[in-house]
Amino acid sequence: MYSSIFEERMEGTHAMVAVCVGNELHEIGMRMVADFFEMDGWDTFFIGSNLPVSEIIKELKLNSVDLLAISLTTAMQLDDVQQII
């Protein structure tokens with residue numbers, strides 16, 4: 001189904017970056033969120049999990065986005081979310 005929902009970015013389309021915070025390895029939920037946004041007409045960039053904050057910032061600078069979606073599993077990862085924000 002990916003080939004039918006992922007097309008080239010159209011002018012005026014909203015865009016989002018989706019990421020799993022810190023050492024989070026459970027990425028299927030955030031992948032699904034990004035896919036639903038894509039099916040709703042958003043241009044999505046799922047950049048994965050277990051990334052350093054510097055890589056997330058680099059991706060945000062590379063792509064002009066309207067939304068940053070951050071996924072976490074436990075309250076212990078809230079510090080990682082705060083660091084990204």
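This report describes the fold, the sheet, the surface and selected residues of a predicted protein model.

Residues are numbered from 1 along each chain as its sequence is written, and side-chain values use heavy atoms, with hydrogens and water left out. Because the model is predicted, local features need pLDDT of at least 70 and side-chain atom pairs count only at pLDDT 80 or more, whereas totals for chains, interfaces and linings use all residues.

## Overall fold

The secondary structure of the protein chain comes to four helices and three strands; here helices (H or I, at least four residues) and strands (E, at least two) are DSSP runs, numbered from the N terminus. Along the sequence the pattern is α-β-α-β-α-β-α. Of the 85 residues, 36% count as buried, where buried means under 20% relative accessible area, exposed over 50%, and partly exposed in between (1.4 Å probe, protein chains only). Among contacts (heavy atoms within 4.5 Å) between residues at least 6 apart in sequence, 75% join residues at least 24 apart.

Three strands form an open sheet in the order β2-β1-β3, with parallel pairing. Strands β2 (43-46) and β3 (67-71) stand at the edges with a single partner strand each, so one side of each has no neighbour in the sheet. From one strand to the next, the twist averages 20°. Two strands pair if DSSP finds at least two bridges between them; five bridges join β1 (residues 15-20) to β3. In this pairing, methionine 16 stands opposite leucine 67 in β3.

Helix α2 (residues 28-39) lies across β1, β2 and β3, and runs at about 165° to β2. Such angles run from 0 to 180 degrees between N-to-C directions, the axes being lines fitted to C-alpha atoms, for helices over the stretch in contact.

## Surface

The accessible surface of the protein chain comes to about 5,700 Å², of which 57% belongs to carbon and sulfur atoms; areas come from the Shrake-Rupley method with a 1.4 Å probe, and for residues only the protein chains shown count as cover. Ile28, Met32, Phe36 and Met39 make a nonpolar surface patch of about 450 Å². Patches are made of residues with over 30% relative accessible area and no salt bridge, with like charges joined within 9 Å and nonpolar side chains (Val, Leu, Ile, Met, Phe, Trp, Tyr) within 5 Å. Phenylalanine 36 is in helix α2 and counts as exposed because its relative accessibility is 54%.

## Salt bridges

A salt bridge is a side-chain nitrogen of Lys or Arg within 4 Å of a carboxyl oxygen of Asp or Glu. By this rule the count comes to two.

| Salt bridge | N to O distance |
|---|---|
| Arginine 31 and glutamate 27 | 2.8 Å |
| Glutamate 55 and lysine 58 | 3.3 Å |

Arginine 31 is partly exposed at 34% relative accessibility. Glutamate 55 is likewise partly exposed, with a relative accessible area of 34%. Because glutamate 55 and lysine 58 are three residues apart in helix α3, about one helical turn separates them.

## Leucine 60

Helix α3 (residues 53-62) also holds leucine 60, which is partly exposed with a relative accessible area of 24%. Leaving aside neighbours within four places in sequence, leucine 60 is in contact with Val17, Val65 and Leu68. The C-alpha atoms of leucine 60 and phenylalanine 45 are separated by 9.7 Å, and these residues lie 15 apart along the chain.
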